Amino acid sequence: MSRVGVIGIGHGRFGRRSDATVQELAFEAYRMAMQDAGIQRQDIDASVIGAVPEYHKQRSIAGVIQEYLNLNPAPTWLTEVACASGSAAIRTAWMSIKAGLHDVVVVIGCQKMTELATPEILALMGRVGEVQWESVFGTTFPAYYAMFATAHTKQFGTTHEQMLKVAMKNHYYGAQNPNALFQKEITMEKALASEAVASPFQVYDCCANADGAACVILASEEKAKAMSDKVVWLDGIGCATASMSVLNRPNLVSLPSAADAAKQAYKMAGIKASDVKVAEVHDCFTIAEIMAYEDLGFCKKGDGGKFIDEKQSYIGGSTPVNVDGGLKSKGHPIGATGVSMTYEIISQLRGDSGVRQVPNADIGLTHNVGGIGQYTFVHVYKRD
Amino acid sequence: MFSWFGQVSFVPFSKVMEFARHLKNGRLMGTKCKSCSYTIFPPRADCPECMSGDFEFKEYSGKGKVFTYSTIAAAPTGFEALAPYTVAVVELDEGGRLLAMLGDTLDAATLDIGMDVQVVPRIDEEVPQIKVYYTIEKAGVTWKKAPPHTVD
């Protein structure tokens, strides 16, 4: 089977970007990726945009971005699966290359979230869940993950301090990432003193809305080898879903879609969890990273709290996780997140991550979750 | 009629909208597939098992066990005045689960996963329009129901 490789990556600054439109944010990441790949726009066969439409005033954003990138008349399309939209874009780009339809595809994840007024954000937050039977009782996005945290604590004894240690790790690494929204470390005292959101969560358990974009360029094996001498290969992809409604999950201590997607991706890549040298996981809330350790097989089910206690997810631990700061510290421009994770893994596998470099990183993984696990995409990358 | 249901309504119409009228009459209803007898809460018109669209309502006792919970401090639009409030998921004895807020008979501090609770149909008497919902109460709490065969 022929492979699909990443030949270029770009990443803009995440944060409150009131200086730029969404297509301007997209262009920042695109320009970097094109320069990194050393290719011209005539080399591009198609683009895929990962973004969530309801945050943008501009409708049908893919067309606007395609024009701004000067890529007409090449095809473009939008992928939307909530917070995993960026990884869905990568998946469909991979599929189009594997199908033989395209050779070189630009993938852009982008989102402008801070242009919405607070009342609009609060209204959107009230429609995160299933709206017929759940949102009518005032559920919020943090509350859903908080209910997982409550269940995880009951079943495995995971403590809120263990959850906050995830936030401390991610801020520690985010402080060293110039693209991150929050570039400073936090203390347990400060985290425990932060405002209540949805018990057990406080402000420091939650990632923040942000604006931003990231870009990766995928190519067929033949083109990738011809165009680049630093190709990183996307050798395993997995995707699975679980019920939208929290009422229909087998349990609330795991995301079954993540475990299923990981199994698929490991099998396709011919690896096991212990082969992963560096991982980017979807830490939208602290418990989400703890469940990811378990769902991806980095530790046994229920041992996620212990895993962070022992600093196994720090550089030097058994599987370094989110050493770019994660969603927690980088900010979470939802459409951009999956592509941002990919940027970090490619950079790590190339050995370009500087002070945050994981030694001997030859296999990397991204775990990108939509909603509360309605969708999960797991991608495995390898360098030769 | 389904806009009767919930503190804030996002879904005015549904094939199972009679649910709201039953709730107004003090009855918590799930649905039962007439073809294969699959019974579920929340109600649904289309059977996920056999694909039949032929269903009937089945009265639930409202008894169940706490599955999980959280106390929400940062509330979305329409719920600001209620914050902080506690929502819980209840595993229902007759099958399926529901999510609702705690009522007055339960204190969030005493809540525990696995604990027995009672789901109780409610009408909001403070507003002129019809507003129905249900709350999670201490096991054993009772409430009034309309006589059988009441239509409105």
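Colleague: How many residues does the contact take from chain B and from chain A?
Modeller: The contact takes 30 residues from chain A and 32 residues from chain B, where two residues are in contact if their C-beta atoms, placed from the backbone, lie within 7 Å. This is a predicted model, in which local features need pLDDT of at least 70 and side-chain atom pairs count only at pLDDT 80 or more, while totals for chains, interfaces and linings use all residues. Residues are numbered from 1 along each chain as its sequence is written, and chains are lettered from A and ligands numbered from 1 in the order in which they are written.

Colleague: Which strands of chain B each supply at least two residues of the side that touches chain A?
Modeller: β4 (63-72), β5 (85-92) and β6 (97-102) of chain B do. Helices (H or I, at least four residues) and strands (E, at least two) are DSSP runs, numbered from the N terminus. That side of chain B divides into 21 nonpolar, 10 polar and 1 charged residues. Here Ala, Val, Leu, Ile, Met, Phe, Trp, Tyr, Cys and Pro count as nonpolar, Asp, Glu, Lys and Arg as charged, and the others, Gly among them, as polar.

Colleague: Turning to chain A, in what order do the 9 strands of the open sheet come?
Modeller: The order is β3-β2-β4-β7-β1-β8-β11-β10-β9, with mixed pairing; two strands pair if DSSP finds at least two bridges between them. β3 (76-79) and β9 (278-280) of chain A are the edge strands, each pairing on one side only. From one strand to the next, the twist averages 25°.

Colleague: And β1(A), how many of its residues are buried?
Modeller: 8 of the 8 residues in β1(A), residues 4-11, are buried, a residue being buried if 20 or more other C-beta atoms lie within 10 Å of its own.

Colleague: Do β2(A) and β4(A) run parallel or antiparallel?
Modeller: They run parallel, and 5 bridges join β2(A), residues 46-50, to β4(A), residues 104-111. Gly50(A) stands opposite Gly109(A) of β4(A).

Colleague: Now the helices. At what angle do α1(A) and α2(A) pack?
Modeller: α1(A), residues 22-37, and α2(A), residues 61-68, pack at an angle of about 55°, with axes 9 Å apart. Axes are lines fitted to C-alpha atoms, for helices over the stretch in contact, and angles run from 0 to 180 degrees between N-to-C directions. That makes α1(A) oblique to α2(A); angles under 35 degrees count as roughly parallel, over 145 as roughly antiparallel, 65 to 115 as roughly perpendicular and the rest as oblique.

Colleague: Which residues make that contact of α1(A) with α2(A)?
Modeller: Val22(A), Gln23(A), Ala26(A) and Phe27(A) of α1(A) meet Ile61(A), Val64(A), Ile65(A) and Tyr68(A) of α2(A). They divide into 7 nonpolar, 1 polar and no charged.

Colleague: Where do α6(A) and α10(A) stand by comparison: at what angle do they cross?
Modeller: The axes of α6(A), residues 160-174, and α10(A), residues 286-295, cross at roughly 95° and come within 8 Å. That makes α6(A) roughly perpendicular to α10(A). The residues of their contact divide into 6 nonpolar, 1 polar and 1 charged.

Definitions and conventions:
A residue is buried if 20 or more other C-beta atoms lie within 10 Å of its own, exposed if 12 or fewer, and partly exposed in between; C-beta atoms are placed from the backbone.
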